[in-house]
Amino acid sequence: MRFIKPYVLLFIVGIFFLLGYVYFSFFSERLNRRTDVVSVTPWLAPIVWEGTFDPVLIDKIYKPMNLTIATTVFAVGKYVRFLQDFLETAEKHFMVGFHVRYYVFTDRPHDVPSVNLSQGRHLSVIQVPGSNRWQEISARRMEFIQTTIERQIRREANYIFCLDVDSKFHARWGSESLGRLVAVIHPGYYEQSRDRFPYERRLASTAYIPMDEGDYYYGGAIIGGFVEDVYTLTKVCRTRFEEDAGNSIEAAWQEESHLNRYLLDNKPSKVLSPEYLWQDIKAKTKQVKVIRFSAVIKNNAEVRPNV
Ligand SMILES: CC(=O)N[C@H]1[C@@H](OP(=O)(O)OP(=O)(O)OC[C@H]2O[C@@H](n3ccc(=O)[nH]c3=O)[C@H](O)[C@@H]2O)O[C@H](CO)[C@H](O)[C@@H]1O
Ligand SMILES: [Mn+2]
């Protein structure tokens, strides 16, 4: 028998390399590996980025559970103008295929737009007082969410998401975001070191965080999780906000500061990447492959009751 000619051998080896390459690139796609971002916290909670989960597989796990997701959104004063886009885009992208119950909190019930909701999705309007301070409107969300969970949400839903209204959905936000206690990394701080985080730094506030503590800077625009876990969170944050008010102190970023303090002591079981809370004003970065939910550009002086 003759030896194989070197060029034939080279050809065969080449073919093997090529097959190996195709095989690995296929499987790394299947495994949804991301090496450019950290996708787990130091306490082993997932950080949800595009490419770290299989949406079809996750839906197969959650859909048979017949879950209802409560979604609270506050539209007080001129912020009612954001409701239409918020709701219309939520119908396209938010928890599609799940039962969703929107709870719209407003002082202008007559200005709530009527938006066509898909089957299995409901909307109820809850009247709340207006205020001449946006800080109060934003912070009192904790109180109204707490009391509404007590009054009805705990009987009507399994999970809850509490969202800012001045925003739109742009891509899938689905069951991959479900967890016991869910928070989002604020898009302005995911690349910053913690000494830059705008936590409350005054000892006199119950939201105080020392310079050498803190995991992430979480955005106040999204709080999520099991209804009972979010209930405890809102109750604690509300109580501390009111305790501070009694001492004539308001945390740097109102309820967002209290949220950050709470989450330092009660670690979220799932963390959403800034894909879930972007800002239209910010250019997309390399790590953010999909923008799912983003704050619209608004003229604060025009929409808020005070500056
Ligand atoms: C992206 C993000 O993390 N945003 C947070 C940030 O500023 P933002 O600039 O996002 O605050 P904002 O003006 O959107 O107010 C927060 C929310 O309160 C409601 N609202 C506010 C004013 C008003 O007149 N009417 C009304 O309905 C509305 O649902 C709004 O989305 O800091 C706030 C606290 O200081 C909140 O923690 C926000 O969630
Ligand atoms: Mn906002």
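Which residues lie nearest the centre of the second largest pocket? I began my notebook with that one, working on a predicted model. I found Val38, Trp49, Ile185, Tyr190 and Tyr216 nearest the centre, among the 14 residues that line this second largest pocket.

**Entry: the second largest pocket**

I looked up its volume next, and the second largest pocket comes to about 210 Å³. I then sorted its lining by class and noted 10 nonpolar, 2 polar and 2 charged residues.

**Entry: the largest pocket**

I moved on to the largest pocket and wrote down a volume of about 1000 Å³. Its lining is made up of 42 residues, and Trp134, Asp164, Asp166, Lys298 and Arg304 are the closest to the centre. By class I have 20 nonpolar, 11 polar and 11 charged residues in the lining of the largest pocket.

I also wanted to know which elements supply at least two residues each to that lining. My list reads α4, β8, α7, β10 (278-279) and α8 (300-303).

**Entry: where ligand 1 sits**

Where does ligand 1 sit? I placed ligand 1 in the largest pocket. For the shell around ligand 1, I noted the elements that give two or more residues: α4 (134-139), β8 (218-226) and α7 (254-265). I was pleased to meet α4, β8 and α7 again, as I had already listed them for the lining of the largest pocket.

I counted 23 residues around ligand 1, and Phe74, Val76, Tyr79, Gln254 and Glu255 come nearest. Sorted by class, this shell holds 11 nonpolar, 5 polar and 7 charged residues.

- I found an oxygen atom of ligand 1 at 3.1 Å from a polar backbone atom of Val165.

How much of ligand 1 does the protein bury? Taken alone, ligand 1 exposes 720 Å², and I noted that the protein buries 94% of that.

How values were computed. Residues are numbered from 1 along each chain as its sequence is written. Chains are lettered from A and ligands numbered from 1 in the order in which they are written. This is a predicted model: local features need pLDDT of at least 70, side-chain atom pairs count only at pLDDT 80 or more; totals for chains, interfaces and linings use all residues. Side-chain values use heavy atoms; hydrogens and water are left out. A residue is near a molecule or strand if one of its heavy atoms lies within 4 Å of it. A polar contact is a pair of N or O atoms within 3.5 Å; within protein, one must be able to donate a hydrogen and the other to accept it, and residues adjacent in sequence count only if both atoms are side-chain atoms. Accessible areas come from the Shrake-Rupley method with a 1.4 Å probe; for residues, only the protein chains shown count as cover. On a 1 Å grid over the protein atoms alone, a cavity is a set of points where a 1.4 Å probe fits but cannot get out, and a pocket is an open set with protein on both sides within 12 Å along at least five of seven lines; lining residues have an atom within 4 Å of a point. A molecule sits in a cavity or pocket if more than half of its atoms lie within 2 Å of its grid points. Helices (H or I, at least four residues) and strands (E, at least two) are DSSP runs, numbered from the N terminus. Ala, Val, Leu, Ile, Met, Phe, Trp, Tyr, Cys and Pro count as nonpolar, Asp, Glu, Lys and Arg as charged, and the others, Gly among them, as polar. Grid points are joined across faces, edges and corners, and a volume is the space filled by probe spheres set on the points.
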